[in-house]
Amino acid sequence: PKGMGIGSIDYKSEEFLIQALMAHDLAMIQAYKTGDVYLAFGKDSKVIPMDGTKLSHPVLRQACKGTVLGLSYLMSKVGLAKKLSQDLGRYVSEIEAQEWIDTFEDTYVEAREFKEDLKNEYGNSVIDFIKSADGWYIWGENPNFRSICNFPIQTMGSCILRKAVQLAQDAGLEVIFTLHDA
């Protein structure tokens, strides 16, 4: 109606930043500050030259994007090989995909250690649950490493979203709906 408008916000690379902050991974934080975490990973890992851009290396950047997103959710070498084959337009073996995984983990060491520590503590009953910042829990034995490691990052993202909605409503805005990764 007249006098009304619709706006949207995209938390660009939110999970990447949340993981970087939780893991205290300065390399990831620096990558986030560049404004393009996929290109930054490409440069940090030497897949893309330091003077490379999104326009000069679109295929390699897309492969880096698939790697960053996939490995943020603990994609295996099997899945990454398929994704890289699509992105690069050539066959990528599981061995080559594992090299991309190793490069990612060598680039973001603290993030890798954060997830390993979480898996080891949760899996060895050092901790019986993981609690989100706003009180949600993952309890008991969960053999799915991906669920365990993604829980703190995803729930922090949901905490941020709920807080943003609350603040918008407190300011008198009508929030139509929230949508994650459409």
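Modeller: Before we start, helices here are DSSP runs of H or I with at least four residues, strands are DSSP runs of E with at least two, and both are numbered from the N terminus. This is a predicted model, in which local features need a pLDDT of at least 70 and side-chain atom pairs count only at pLDDT 80 or more, while totals for chains, interfaces and linings use all residues. Residues are numbered from 1 along each chain as its sequence is written, and side-chain values use heavy atoms, with hydrogens and water left out.

Colleague: In what order do the elements of the chain run from the N terminus on?

Modeller: The order is α-α-α-α-α-α-α-β-β-α, and the secondary structure comes to eight helices and two strands.

Colleague: How much of the chain counts as buried?

Modeller: Of the 182 residues, 36% count as buried, where buried means under 20% relative accessible area, exposed means over 50% and partly exposed lies in between, using a 1.4 Å probe and protein chains only. The C-alpha atoms fill a box of roughly 50 × 50 × 30 Å, taken along the principal axes.

Colleague: Switching to helix 3 and helix 4, at what angle do their axes cross?

Modeller: The axes of helix 3 (residues 37-44) and helix 4 (residues 58-72) cross at roughly 100 degrees and come within 8 Å; these axes are lines fitted to C-alpha atoms, for helices over the stretch in contact, and angles run from 0 to 180 degrees between N-to-C directions. The two helices are therefore roughly perpendicular to each other, given that angles under 35 degrees count as roughly parallel, over 145 as roughly antiparallel, 65 to 115 as roughly perpendicular and the rest as oblique.

Colleague: Which residues meet there?

Modeller: Helix 3 brings Val37, Tyr38, Leu39, Phe41 and Gly42, and these meet Arg61, Cys64, Lys65, Thr67, Val68 and Leu69 of helix 4, with contact meaning heavy atoms within 4.5 Å.

Colleague: What about tyrosine 32, which residues is it in contact with beyond its neighbours within four places in sequence?

Modeller: Leaving those neighbours aside, tyrosine 32 is in contact with Lys12, Ser13, Phe16, Leu17 and Val37. Tyrosine 32 is found in helix 2 and is partly exposed, with a relative accessible area of 27%.

Colleague: Where does histidine 24 lie?

Modeller: Histidine 24 lies in the loop between helix 1 (14-23) and helix 2, and its phi is positive, about 55 degrees, although it is not a glycine. At 61% relative accessibility, histidine 24 counts as exposed.

Colleague: And lysine 46, is it buried or exposed?

Modeller: Lysine 46 counts as exposed, at 72% relative accessibility. The residue sits in the loop between helix 3 and helix 4, and lysine 46 has a positive phi of about 70 degrees although it is not a glycine.

Colleague: Last one, then: which side chain does a polar contact join to that of glutamate 96?

Modeller: The side chain of glutamate 96, which is found in helix 6 (residues 94-107), is joined to that of arginine 90 by a polar contact of 2.7 Å. A polar contact is a pair of N or O atoms within 3.5 Å; within protein, one must be able to donate a hydrogen and the other to accept it, and residues adjacent in sequence count only if both atoms are side-chain atoms.
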